[in-house]
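Trainee: Could you walk me through this one before I set anything up?
Mentor: Gladly; have a look first, and then ask away.

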Amino acid sequence: MRTPLFRLVIATCVIGGMSITSPRAQEGSSQPQQTFRSAVDVVTIQASVRDTRGRVVSGLASTDFEVRDNGQVRPILSLRSDRQSPLSLAILVDMSGSMQIGAKIAMARQAYDSILGQLHQGQDEVALFTFDKSLHQRRDFTHDLETLRGALTDFEAFGTTSLFDATAAAARKLAARSATHKAIIVLTDGIDTSSAMTAREVSGLASSIDVPVFVVATVPSLDQRLMLEASGRSAPSDAADLRDLAEWTGGQFVFASTFLETVVAASGLVDGLRLQYVLAIEAATGREWRRLDVRVKRPSTVVKARNGYFAG
């Protein structure tokens, strides 16, 4: 599915069936039957809900949520929350030259192995990509997780980093997958050097097809501080970075500076995905970008969800 919308047929009415008809109507029975369909376009929204201490809030019903579409409250057509629902993941591993420094690649590989260890063989599906200046598909989407183990062993870091472009390309590939929960997980040092697209543009694309982006930045503590300071000095027009990309798509950005932190971060992302709610609302009809605001009618709750979609 390459847009956030899918066709839901609400009713089909066929004229000229088994109902009682007049002789005049019977005379015209040789004419083609007319079929009238009423359909709505539906927008799906993956949403995670936590309390102020970061704990998952479970057991919510559709009446607990409020979804605003361009400021207008929209009825929730359906709500799903099933920990056993399959996952469809696109894992992107940074193999650009900057990943050679220190233990960055080793931690990225550790995170990758940790993610695979949290998945269900034969149920969840994963595609593996690496990226430098371009995106490289190493393994196509598969439910056979055993074929993915050790898949990063032979790859060495080299070249520049087109992180945003790679994320956008992976989002397009992931859009067609049918799993209830879909996401991109990026393992990187967080430095983009050569993308044509910006974080804001990639966020719009990923949000429009309901693909949250989760980023694990495998960098030393000192680099974390420098990245945060650099982001704080950016002008407002240029401030969109990986953290914004994750936030706007309903994903998450986490730092990992040790192997233990890497394992914990990767495992937490997968577990959080399984605990997401999946809501559906009727889409607007005009061909335009629509802003979404998803809230829970309970105090002290934090909701993460896509921030918009393309109607029409």
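**Helix 4 and the sheet**

Mentor: Helix 4 (residues 199-208) lies across strand 13 (289-296) and strand 15, running at about 80 degrees to strand 15. Helices (H or I, at least four residues) and strands (E, at least two) are DSSP runs numbered from the N terminus, and axes are lines fitted to C-alpha atoms, for helices over the stretch in contact (heavy atoms within 4.5 Å), with angles running from 0 to 180 degrees between N-to-C directions. This is a predicted model, in which local features need pLDDT of at least 70, side-chain atom pairs count only at pLDDT 80 or more, and totals for chains, interfaces and linings use all residues. Residues are numbered from 1 along each chain as its sequence is written, and side-chain values use heavy atoms, with hydrogens and water left out.

Trainee: What order do the four strands of the open sheet have?
Mentor: The order is 4-3-13-15, with antiparallel pairing, where two strands pair if DSSP finds at least two bridges between them. Strand 4 (72-74) and strand 15 (308-310) stand at the edges with a single partner strand each, so one side of each is left without a neighbour in the sheet. The twist averages 35 degrees from one strand to the next.

Trainee: And how many bridges link strand 3 and strand 4?
Mentor: Strand 3 (residues 65-69) pairs with strand 4 over three bridges, in the antiparallel sense, and R74 in strand 4 is the bridge partner of V67.

Trainee: Switching topic, is V270 buried or exposed?
Mentor: V270, found in helix 7 (residues 259-274), is buried, with a relative accessible area of 1% (buried means under 20%, exposed over 50%, partly exposed in between, using a 1.4 Å probe and protein chains only).

Trainee: Which residues does V270 touch?
Mentor: Not counting residues up to four places away in sequence, V270 touches L87, I115, Q118 and L119; V270 and L119 are 151 residues apart in sequence and 7.8 Å apart in space, C-alpha to C-alpha.
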